[in-house]
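Please read the following note alongside the coordinates.

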Amino acid sequence: MSRLLVIGCGGVASVAIHKCCQNSEVFTDICIASRTKEKCDALKDKLAGTTKTRIETAKVDADHVDEVIALIKDYKPDAVLNVALPYQDLTIMDACLATGVDYIDTANFEPENTDDPEWKAIYEKRCKELGFTALFDYSWQWDYKERFEKANITALLGTGFDPGVTSVFSAYALKHYFDEIHTIDILDCNGGDHGYPFATNFNPEINLREVSSNGSYWEEGRWIETEPMEIKSRYHFPQVGEKDMYLLHHEEIESLAKNIPGVKRIRFFMTFGQSYLTHMKCLENVGMLSTSPVMFNGQEIVPIQFLKALLPDPASLGPRTKGKTNIGCIFTGVKDGKEKTIYIYNVCDHEECYKEVESQAISYTTGVPAMIGAMMVVTGQWKNPGVFNVEEFDPDPYMEALNKWGLPWVVCEDPETVTVWR
Ligand code: NDP
């Protein structure tokens with residue numbers, strides 16, 4: 001029924017591809033394309049004989065628009081699922097525009113080289129105007145709206161778990177539980193243990209950049225920025241237990257502030273253990289998180305890329321990780337004149353994920369929604385010309401698909417709320 005071109009073959013892509021192959025009625029043909037073709041071939045070999053989906057592989061460097069255009073022209077997909085890195089978002093969107101093909105991703109644009117003067121000038125202007133200093137924001141991709149409308153194609157942005165499922169939870173809460181949502185607290189808890197003193201659960205470069213940046217939240221129409229890890233709380237997560245969590249800047253705050261009418265405050269919290277935070281601070285203090293190249297023994301290296309080479313590959317954590325994740329949103333607001341609070345969340349078990357697709361739950365909770373987002377677009381259930389965040393579409397078919405494809409959710413109507421301290 002549909003042909004999907006998947007770009008990237010890392011932790012998230014592997015789960016998304018496994019899930020597409022379980023869903024052969026929708027994804028009759030897929031092409032796995034990435035910078036390292038051997039990884040695509042290895043995944044194709046692993047899946048051979050387990051699925052009716054026909055799989056092809058290709059080599060592509062998605063930093064080069066012309067290479068992506070040539071691949072799209074050759075493979076002729078109905079849509080492109082970008083599960084490479086946020087650095088490739090714009091080149092892949094450009095290629096989709098040039099070829100008239102729908103676009104889907106899981107993370108908003110961030111430049112690889114933050115020393116690029118052209119990017120930096122725009123970034124610094126945005127920091128002043130909007131008041132948050134994260135290196136990523138939606139302005140770059142929202143800017144494609146008119147061009148996607150004119151080309152009559154859809155871009156679906158941010159269909160991972162957060163952003164993605166948390167944003168769909170917000171649309172669902174608004175549709176079925178509230179007349180008006182006043183506050184959203186997004187809680188991302190990983191109660192898993194991989195046994196290493198320090199490792200990141202997804203791409204180390206993207207993960208460490210995110211976590212070591214200033215925090216921020218949105219309140220009464222403006223951003224309030226905090227020092228990294230300045231705001232702390234402790235929460236009792238169903239099926240996981242009590243964990244410390246810290247306020248971070250997170251990309252869905254930006255789109256939910258725009259798309260959930262009347263919302264007064266949006267915050268994002270993630271759990272971290274003390275060992276993770278101590279390692280990260282130490283690495284930051286010695287300069288290992290820097291993205292600026294340095295010369296070493298006559299060779300230019302980027303410290304954070306060198307660190308990535310030293311750290312365990314997130315894909316290798318799967319067989320070692322035990323425990324569960326719990327990710328969801330607490331909403332407060334008003335329904336029929338009465339104040340109410342609800343909590344919608346999913347619990348995912350690392351070992352169960354590994355049994356099913358040989359990945360830990362962090363890749364699983366992102367890869368499953370990536371497949372579901374692609375399914376919404378290729379089946380025409382979510383298809384409008386333009387550029388959209390997931391909360392702008394009808395949440396019901398997506399929520400149904402979460403239950404069906406491995407991420408069942410719970411609505412709790414009497415939850416514990418979040419108390420913060422600094
Ligand atoms: P990985 O580092 O495991 O995989 C990235 C893949 O992209 C690799 O296969 C890599 O190829 C490929 N790639 C990198 N650069 C290029 C390029 N120039 N051209 C073609 N392929 C390229 O990352 P993850 O799987 O952990 O993350 C994938 C995406 O998912 C990221 O954008 C991340 O931000 C996002 N994400 C979203 C979440 C959400 O909830 N919304 C949560 C977690 C992640 P190679 O093998 O050659 O390096």
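1. How many of the 7 residues of strand β11 (residues 241–247) are buried? The count is 5, so that the strand is mostly covered, where buried means under 20% relative accessible area, exposed over 50% and partly exposed in between, with a 1.4 Å probe and protein chains only. Strands here are DSSP runs of E with at least two residues, and helices are runs of H or I with at least four, numbered from the N terminus.

2. Before going further, please bear in mind that this is a predicted model, in which local features need pLDDT of at least 70 and side-chain atom pairs count only at pLDDT 80 or more, while totals for chains, interfaces and linings use all residues. Residues are numbered from 1 along each chain as its sequence is written, and side-chain values use heavy atoms, with hydrogens and water left out.

3. On one side of the pairing scheme, β11 runs antiparallel to strand β10 (residues 232–237) over 6 bridges, two strands being paired if DSSP finds at least two bridges between them. Phe-237 stands opposite Gly-241 in β11, and the hairpin formed by β10 and β11 has 3 residues between the strands, with Gln-239 in the turn showing a positive phi of about 65 degrees.

4. Strand β11 also pairs with strand β12 (residues 265–271), again in the antiparallel sense, through 3 bridges. In this pairing Leu-247 stands opposite Phe-269 in β12.

5. Helix α15 (residues 396–404) has Pro-397, Tyr-398, Met-399, Ala-401 and Leu-402 buried. These buried residues pack against α8 (165–176), β16 (338–349), α14 (361–378) and β18 (409–412), contact meaning heavy atoms within 4.5 Å. After α15 comes Gly-406, with a positive phi near 115 degrees.

6. For the chain as a whole, there are 15 helices and 19 strands, and 57% of the 422 residues count as buried. Among contacts with a separation of 6 or more, 74% come from residues 24 or more positions apart. The C-alpha atoms fill a box of roughly 55 × 55 × 45 Å along the principal axes.
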